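The following paragraphs are intended as a guide to the model shown here, from its overall composition to a single residue.

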Amino acid sequence: MSVQTNISSAKLEKCTYCVKPLIVRHMDYEKYMRIALMEARDAELEGEVPIGAVVVCGDKVIARAHNRTEHLHDVTAHAEIMAITAAEDYMDAKYLTDCTLFVTVEPCVMCAGAIAWAQVAEVVFGTEDAKRGFTRYSNQILHPKTKLTRGILADECEKIMKDFFARKRR
Ligand SMILES: [Zn+2]
C-alpha cells in the first residue's frame, strides 16, 4: 500500500504512480470527490450521516452511493459498502482491481476490510476520521496493492459532517 499526502502542495510534480502530471490527477480527484459530496448531501437530506462514495473505472462513474444505515436498519450500510456492492453488480464481478473508490470520510475498519476483499486499486478519501478511521488501527488492512490517497476536498468533506452533528446536538 502506498500513502500519498499533501498533493495540493506538489501540484507541478509528476505523479509518483503514473506518468501524468500530478495536476491532472488532482483535478480528476476533485471532480469525483465532488460527486461523492453530492451523495453525502443526499444522505443528509434523508437524515443519514452525510458520507458519500463513488466508484470510478477508467473515466466512468460505475457506482455512487451514500450511507443508509438508518433507512435500512443496517449498521453495515456504510457508503463504501453500498458503492462496492453496486460496482460489483455493474461489473458482474467480485473484484474491483481496475477501480478507484472515492469516499468523503476515511473508511472505518469494516469498510477497509471490504475494500481489501474487493481488491480495489485505489482509495481516495476526503477528511480523516480521528475516531473510527482505519489508519488509526493499522495501515495493513487494505490489500497490499491498493494505493491510498487522502485529503481531497478535505475541508468540504469535514464541514458537512461537523454541521450535521452540530445540528443534531441542538
Ligand atoms: Zn465504514
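A residue is called buried if 20 or more other C-beta atoms lie within 10 Å of its own, exposed if 12 or fewer do, and partly exposed in between, with C-beta atoms placed from the backbone. By this criterion, buried residues account for 38% of the 170 residues in the protein. The model is predicted: local features need pLDDT of at least 70 and side-chain atom pairs count only at pLDDT 80 or more, whereas totals for chains, interfaces and linings use all residues. Residues are numbered from 1 along each chain as its sequence is written.

The protein contains 5 helices and 6 strands; these are DSSP runs numbered from the N terminus, helices being H or I of at least four residues and strands E of at least two. From the N terminus on, their order is β-α-β-β-α-α-β-α-β-β-α.

A nonpolar core is a set of buried Ala, Val, Leu, Ile, Met, Phe, Trp, Tyr and Cys residues joined through C-beta atoms within 7 Å. The largest such core has 45 residues, and Val55, Ala83, Leu101 and Phe102 have the most contacts inside it. Elements giving two or more residues to this core include strand 2 (52-57), helix 3 (79-91) and strand 4 (99-105). Helix 1 gives the most, with 7 residues.

Two residues are in contact if their C-beta atoms, placed from the backbone, lie within 7 Å. Leaving aside residues up to four places away in sequence, Leu101 touches Ala53, Val55, Glu80, Ala83, Ile115, Val120 and Val123.

Valine 105 is found in strand 4. Valine 105 counts as buried because it has 29 C-beta neighbours inside 10 Å.
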